[in-house]
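Dear colleague,

Please find the structure below for your review. My findings follow it.

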Amino acid sequence: MTSEAGTRRPGRRPGNSGARGDILASARELFASNGFDKTTVRAVAARAGVDPALVHHYFGTKLQLFTASIALPVDPRDVLAPVYAAEPEDLGRALTTALLGVWDSPHRDAAVAMFRAQIAGGDSGLIRSFLLEVALAPLFERIDRPVGTGRLRAELVATQMTGIMLVRYIIGLEPLASMSSEQLVEIVAPTVQRYLTGDLPGM
C-alpha cells in the first residue's frame, strides 16, 4: 500500500482543497522573483502542485492570472488600450488620462489597496513586474529613441505615476488630493510626454 502523505497530485482537487489560493500564492512568489515574462503557467502549476489546466480553468491566461495575483480590479491591457493606439505625440496625455481614469473611478479603493499592500509588504517585485513588464512593455519599442533608452523612459514615467498614486490617493496631500482629474492631466501629461519622447540630457 502506497502512502500519499506529503505528495501533491496534479489536477482538480476534491472538495474545498484551497487549490485556487495555492495557485495565487505560487503566482505571487514567481511573478515577484522572476518577473512576468519569465514566469510560466506551467511553473506556477508545478509550485502549487496542480495541473496547468487547473490554472487556466480558474484564471484563464497568464495575464489574467497576474491581474488576480496582484489584486488589480481591471485588466491593465484593457485600460491602456487607448494608450497603445495613440500617436507618439499623444502618448503622455493618453497614459495619464487612462491611469487617472481608473484611480478616480469606482475601482479606486481596490487599486489603492493593491498599491498600499505591495509597498507595506516590503516586496516591490510585483509592482515592478506590473509597471515594466505588463503596463509599459508594449510601448518600449515605440519610445526606444535613441536606441537603448526605452526602459529608462518607462522607469521615468513610473516615478511620475507612482508618485501621484502615493501623494494624491494614499497620503492625501492638498490641493493635489482634491484636484480634478482633468486639471491634473493638463499639469502632468506634458512631463510624462517628455519622459516618453523628449530629449534626455546626456543620452
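Where is the place of Leu-173? Leu-173 lies in the loop between helix H11 (150-171) and helix H12 (181-197); helices are DSSP runs of H or I with at least four residues, numbered from the N terminus.

This is a predicted model, in which local features need pLDDT of at least 70 and side-chain atom pairs count only at pLDDT 80 or more, while totals for chains, interfaces and linings use all residues. Residues are numbered from 1 along each chain as its sequence is written, and side-chain values use heavy atoms, with hydrogens and water left out.

Leu-173 is partly exposed because its relative accessibility is 45% (buried means under 20% relative accessible area, exposed over 50%, partly exposed in between; 1.4 Å probe, protein chains only).

By contrast, Val-83, in helix H6 (residues 81-85), counts as buried because its relative accessibility is 1%. Leaving aside residues up to four places away in sequence, Val-83 touches Leu-91, Ala-94, Leu-95, Ala-98, Leu-139 and Arg-142 (contact means heavy atoms within 4.5 Å). Val-83 and Leu-136 are 53 residues apart in sequence and 9.7 Å apart in space, C-alpha to C-alpha.

The largest nonpolar core has 61 residues, of which Ile-23, Leu-65 and Trp-103 touch the most other members (a core is a set of buried Ala, Val, Leu, Ile, Met, Phe, Trp, Tyr and Cys residues joined through side-chain atoms within 4.5 Å). Helix H7 (residues 91-103) gives the most to this core, with eight residues. Beyond residues up to four places away in sequence, Leu-65 touches Ile-23, Leu-24, Ala-27, Phe-31, Val-44, Val-55 and Phe-59.

With kind regards

Technical notes. Helix = DSSP H or I, 4+ residues; strand = E, 2+ residues; numbered from the N terminus.
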